Structure formats: structure tokens, C-alpha cells
Amino acid sequence: MARPGADHRNSVSPGSTRTRIADDAFARHPEVIPHLAARTALGRVGEPDDIGVAIAALLDDAGRWITAQDIEVSGGCRL
């Protein structure tokens with residue numbers, strides 16, 4: 001149990017990720033996908049499951065020592 005007043009909030013900052021909204025934009029401008037993928041160390045645009053894994057890790061008991069952090073889930077995006 002957290003001590004009173006302890007900050008146990010975390011956030012997840014996703015990079016370019018395929019979602020229904022993003023897929024609509026990608027359908028209109030398919031030339032954007034290779035450009036976005038080239039800006040990541042992993043060479044691809046993220047999938048919703050990529051983000052979900054990070055969220056699940058934070059929610060799992062194994063992540064109990066992670067606190068007050070912003071987890072970037074971007075495939076190593078270089079801006």
C-alpha cells in the first residue's frame with residue numbers, strides 16, 4: 001500500500017500508432033507511413049498492442065516500483 005500523499009501516477013506517451021483515426025489519415029496520405037516509420041529505430045509505425053503492453057506493465061504488480069514516470073512508447077522515434 002502506498003504511503004499517504006505518495007505520487008503513484010504514471011503516463012504513457014505513444015509515438016505514431018495505427019488507430020482508426022490514424023488509419024483514416026494514412027488512407028488519404030499513404031506516403032506518410034514510410035516517412036514516419038523511417039524516423040523510428042524499429043523502422044515501423046506502432047500498433048495499438050505496442051502501447052497496450054506498456055500500459056499492462058504499469059498496471060501489473062511487477063510494475064509496482066515504477067512511479068511518477070512518463071513511459072515513451074515510440075519505437076525509438078527520432079524527431
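Hello everyone, and a quick word on what we are looking at. This is a predicted model, where local features need pLDDT of at least 70, side-chain atom pairs count only at pLDDT 80 or more, and totals for chains, interfaces and linings use all residues. Residues are numbered from 1 along each chain as its sequence is written, and side-chain values use heavy atoms, with hydrogens and water left out.

Now the overall layout. The chain has three helices and two strands, in the order β-α-α-α-β along the sequence. Helices (H or I, at least four residues) and strands (E, at least two) are DSSP runs, numbered from the N terminus. Of the 79 residues, 16% count as buried. Buried here means under 20% relative accessible area, exposed means over 50%, and partly exposed is in between, with a 1.4 Å probe and protein chains only. The accessible surface comes to about 6100 Å², and 58% of that belongs to carbon and sulfur atoms. Those areas come from the Shrake-Rupley method with a 1.4 Å probe; for residues, only the protein chains shown count as cover. As for contacts, meaning heavy atoms within 4.5 Å: among those between residues at least 6 apart in sequence, 73% join residues at least 24 apart.

Back to Thr17, then. You will find Thr17 in the loop between strand E1 (11–14) and helix H1 (20–28). Is Thr17 buried or exposed? Thr17 counts as buried because its relative accessibility is 13%. Leaving aside neighbours within four places in sequence, Thr17 is in contact with Ala22, Val45, Gly46, Glu47, Pro48 and Ile51.

Two of those names take us to helix H3, residues 48–59. H3 has 12 residues and reaches 17 Å from its first C-alpha to its last, close to the 16 Å expected at 1.5 Å a residue. That expected span is 1.5 Å times one less than the number of residues. Which residues of H3 are buried? They are Ile51, Ala54 and Leu58. Seen down the axis of H3, the buried residues fall within an arc of 60°, so they line one face of the helix. The arc is taken from the directions from the helix axis to the C-beta atoms. Covering those buried residues are elements including E1 and E2. On the face turned away from the buried side, H3 carries the exposed residues Asp49, Val53 and Leu59.

On to the charged side chains. Side chains of opposite charge can pair when their charged atoms come close. How many salt bridges does a search of the whole structure find? There are four, a salt bridge being a side-chain nitrogen of Lys or Arg within 4 Å of a carboxyl oxygen of Asp or Glu. One of them joins Arg18 and Asp23 at 2.8 Å, N to O. Arg18 is partly exposed because its relative accessible area is 27%, and Asp23 is partly exposed at 33%. Arg18 also pairs with Glu47, with the closest N and O atoms 3.9 Å apart. That pair links distant parts of the chain, 29 residues apart: Glu47 sits in the loop between helix H2 (32–38) and H3, Arg18 in the loop between E1 and H1. Glu47 is partly exposed too, at 35% relative accessibility. Through shared partners, salt bridges join Arg18, Asp23 and Glu47 into one network. Another salt bridge brings together Arg64 and Asp61 at 3.4 Å, N to O, and both of these residues are exposed.

Finally, the segment after strand E2 (70–73). Ser74 lies there and is buried, since its relative accessible area is 12%. The side chain of Ser74 makes a polar contact with the side chain of Glu72 at 2.7 Å. Beyond four places in sequence, Ser74 is in contact with Gly15 and Thr40. Gly76 and Arg44 are 32 residues apart in sequence and 10.0 Å apart in space, C-alpha to C-alpha.

Technical notes:
A polar contact is a pair of N or O atoms within 3.5 Å; within protein, one must be able to donate a hydrogen and the other to accept it, and residues adjacent in sequence count only if both atoms are side-chain atoms.
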